[in-house]
Amino acid sequence: MRGVIFDLDGTLADTSGDLIAAANACFRDLGLGDVLDPTQDAGTALKGGRAMLRLGFSRTGTHGEDEVDRQYQPLLGYYDAAINNHTVLYPGAMEAVRDLRGEGYKVAICTNKPEALAIKLLRSLDILDDFGAVLGADSLPVRKPDPEHLHETSRRAGADPQRVVLVGDTDTDRNTARNAGVPSILVTFGPGGGDMAALEPEGLISDYSQLGAVVTRLIG
C-alpha cells in the first residue's frame with residue numbers, strides 16, 4: 001500500500017502562536033517578560049521548545065543551557081494547557097488529506113512533537129480520525145531524522161515503508177526522507193518556506209491543491 005506521511009507543525013498547521021505563548025510564559029516566570037515575537041519568531045517556534053528557549057535566552061543574555069533544560073517541562077505544561085488558542089490549519093490541508101485517502105493512500109503523521117501533545121492537538125482540531133497513525137518524538141527510542149521513525153509510522157498506518165512520501169517543512173523532514181530512501185515534498189508557505197528549494201526535495205508545493213499531482217508523480 002502507498003502512503004503519504006505528514007509532519008504536523010508548520011506542515012499541516014501553523015502552531016507557532018501557541019508555542020511562542022508557552023515559551024513567553026516561561027520567560028515571564030523568570031521576570032524577563034515576553035521575549036519572543038509571534039510573527040518574527042514563528043520559524044524558530046516550529047523548530048521546537050528548546051530552540052525557542054535558546055533564542056530567548058540569547059536575547060536576554062541571562063541564562064544558559066542548564067536553564068533551557070529546566071524550563072523545557074514547564075514550557076510543555078503551558079503548551080498543554082493552551083494548545084489550540086492560536087493554531088490554524090493551512091488552507092486546503094485537510095481537503096488534500098481526505099482526497100488522498102479517497103484515492104487509496106494511507107495517511108499518517110510523523111512529528112517530533114511529543115505524541116500525547118500531537119494527539120491532543122489533532123483531537124482539538126477535530127482531525128485525529130483522518131489519520132491512520134500518529135507517532136511523536138517519544139513514540140519510539142528514535143525520532144526524525146532517524147529513518148525508523150518514518151518507517152514505523154508507515155507500518156502502523158498500513159503502508160509499505162518503501163512506497164511512501166514524506167510531506168514536511170524543514171531540513172529535518174528532508175533528511176528523514178533521504179535517510180529512509182523515499183521522496184520528500186516540502187511546503188513553501190510556512191515560516192521556513194523561502195529556504196525549502198535549497199534543500200532539493202523531490203517535490204515542492206506552494207498550495208495544498210498541488211499535493212495530489214506531486215504525490216502521483218513521485219509514488220504513483
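## Starting at one pair

Cys110 stands opposite Leu135 in strand 5. That pair is a handy way into this predicted model, in which local features need pLDDT of at least 70 and side-chain atom pairs count only at pLDDT 80 or more, while totals for chains, interfaces and linings use all residues. Residues are numbered from 1 along each chain as its sequence is written, and side-chain values use heavy atoms, with hydrogens and water left out.

## The overall picture

The protein has nine helices and eight strands. Both are DSSP runs numbered from the N terminus: helices are H or I with at least four residues, and strands are E with at least two. Along the principal axes, the C-alpha atoms fill a box of roughly 55 × 30 × 30 Å. The radius of gyration is 17 Å, which agrees with the value near 17 Å for a compact globule of 220 residues. Here the radius is taken over C-alpha atoms, and the globule rule is 2.2 Å times the number of residues to the power 0.38.

Of the 220 residues, 50% are buried. Buried means under 20% relative accessible area, exposed means over 50%, and partly exposed lies in between (1.4 Å probe, protein chains only). As for contacts with a separation of 6 or more, 63% of them come from residues 24 or more positions apart; a contact means heavy atoms within 4.5 Å.

Six strands make an open sheet with parallel pairing, in the order 5-4-1-6-7-8. Strand 5 and strand 8 are at the edges with a single partner strand each, so one side of each has no neighbour in the sheet. Two strands count as paired if DSSP finds at least two bridges between them. In general, strands of a sheet pair through backbone hydrogen bonds, either parallel or antiparallel.

Let's walk through some of the pairings. Strand 1 (residues 3-6) runs parallel to strand 4, and four bridges join them. Gly3 sits opposite Lys106 of strand 4, and Phe6 has Ile109 as its bridge partner there. Four bridges also link strand 1 to strand 6 (residues 164-168), again parallel, with Phe6 opposite Val167.

Strand 4 (residues 106-110) is mostly covered, with four of its five residues buried. Together with helix 6 (residues 115-124) and strand 5, strand 4 makes a right-handed β-α-β unit. Right-handed means that, with the strands pointing away from the viewer, the path from the first strand over the helix to the second runs clockwise.

## What's inside

Strand 1 has buried residues pointing both ways: Gly3 and Ile5 to one side, Val4 and Phe6 to the other. Val4 and Phe6 are also among the residues that touch the most other members of the largest nonpolar core, which has 51 residues. Helix 1 (residues 16-29) gives the most to this core, with six residues. A nonpolar core is a set of buried Ala, Val, Leu, Ile, Met, Phe, Trp, Tyr and Cys residues joined through side-chain atoms within 4.5 Å. A second, separate core has 14 residues, including Cys110, Ala133, Leu150 and Ala177. In soluble globular proteins, nonpolar side chains tend to be buried together.

Which residues does Val4 touch, not counting those up to four places away in sequence? Among them are Leu100, Tyr105, Val165 and Val215.

In helix 9 (residues 211-219), Leu211, Val214, Val215 and Ile219 are buried. They cover an arc of only 100 degrees around the axis, which puts them on the same side of helix 9. The arc is that of the directions from the helix axis to the C-beta atoms. Ala213 and Arg217, on the other side of helix 9, are exposed. Strand 1, helix 5 (93-102), strand 6, strand 7 (184-187) and strand 8 (203-205) are included in what covers the buried residues. After helix 9 comes Gly220, with a positive phi near 85 degrees.

## A stop at Ala42

Ala42 lies in helix 2 (residues 42-45). Is Ala42 buried or exposed? Ala42 counts as buried because its relative accessibility is 8%. Beyond its neighbours within four places in sequence, Ala42 is in contact with Ser16, Ile20, Asp37 and Pro191. Asp14 is 28 residues from Ala42 in sequence, and their C-alpha atoms are 8.8 Å apart in space.
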